[in-house]
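Hello,

Here is the structure I promised to pass on. Please open it, then read my notes below.

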Amino acid sequence: MIAEIIAMAAPLLLATLGALASEYAGVLAVFMEGTITIAGFVCVAVTAFTGSPALGIASACFASMLLLYAAAAFTEKTRANPFLTGLAVNFLAAGILPRLSSALFGTQGVVSLALVAPVATAAVDSAFYRAVSFPVALSLAAAFALATVCTRTGLILRITGSSAEALAARGIDARKYRTASWVIAAAFGALAGCTLTLGLGAYVPNVSAGRGWTALAAVYLGFKNPILCVASALVFAGAGYLADIIQGTGRVPTTVVLGLPYALALLVFVFVGKKGK
């Protein structure tokens, strides 16, 4: 049970770190859901055609970071609403991925590496990726925490969202750090998507399954602290595991079970937000 919860927490923790970076810069990472899904598809597609999971991960990160850099640059240049721009990324994922999947693999459903690329399957050890995903995510959380406390760039990023005027008075352009926060969030979101798909050995439509939205709540449950976000990711992963167990009993309606993690996220927004005020 513990091993399963830890494995479930890894992609959520990565997504939470990305959402936290964006939150520091004053941008709500509503784009995280679409980023995870896009990265997951790119990872599987490149892995299927090249037989290299490492190249799949690198391609997913590059594609996600390039996309969100373009979205951030557009937002800053036109002064568009970042919330709407972020939602546009989610809509892009929902609209373009089924078409790409159909064009490349002849299906809009599950893309299994075992079926579309048996050679690549030999290079993808799903159990290995599930086992190492949480230690890697934990290491990244520690590195991110140190970077935001011990480096000048990290300190500036942390205060960009709350003290943009103070930065401007010192000749620091907050727009660059807001744009950078989107790119950092994209990198973490891409790693979350790769973790999910390589752990399954397949791309599944809507593979994020709400993790992008849950990550936003995990940021507040962790009080915007990278280390505490580890605990919040484990809490949400535990709720997801409990939902799976309850669903297996057949005694509780499926809709209620599937809504359990989202209900927990809503409670976090309500009560943690109230405490913050």
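**Notes on helix α8**

In helix α8 (residues 152-160), four residues are buried: G154, I156, L157 and T160. Buried means under 20% relative accessible area, exposed over 50%, and partly exposed in between (1.4 Å probe, protein chains only). Helices are DSSP runs of H or I with at least four residues, numbered from the N terminus. Looking down the axis of α8, the buried residues fall within an arc of 160°, so they line one face of the helix. That arc is taken from the directions from the helix axis to the C-beta atoms.

This is a predicted model: local features need pLDDT of at least 70, side-chain atom pairs count only at pLDDT 80 or more, and totals for chains, interfaces and linings use all residues. Residues are numbered from 1 along each chain as its sequence is written, and side-chain values use heavy atoms, without hydrogens and water.

What covers the buried residues of α8? The cover includes α1 (2-24), α7 (126-150), α9 (164-169) and α10 (174-200).

Now take α7. Its axis and that of α8 are 5 Å apart, and the two helices pack at an angle of about 90°. Axes are lines fitted to C-alpha atoms over the stretch in contact, and angles run from 0 to 180 degrees between N-to-C directions. That makes α7 roughly perpendicular to α8 (65 to 115 degrees). On the α7 side, A147, T148, V149 and C150 make the contact (heavy atoms within 4.5 Å). On the α8 side, R152, G154, L155 and R158 do.

Last, I2. This residue sits in helix α1. I2 is exposed, at 60% relative accessible area.

Best wishes

Note on methods
Parallel < 35°, antiparallel > 145°, perpendicular 65-115°, else oblique.
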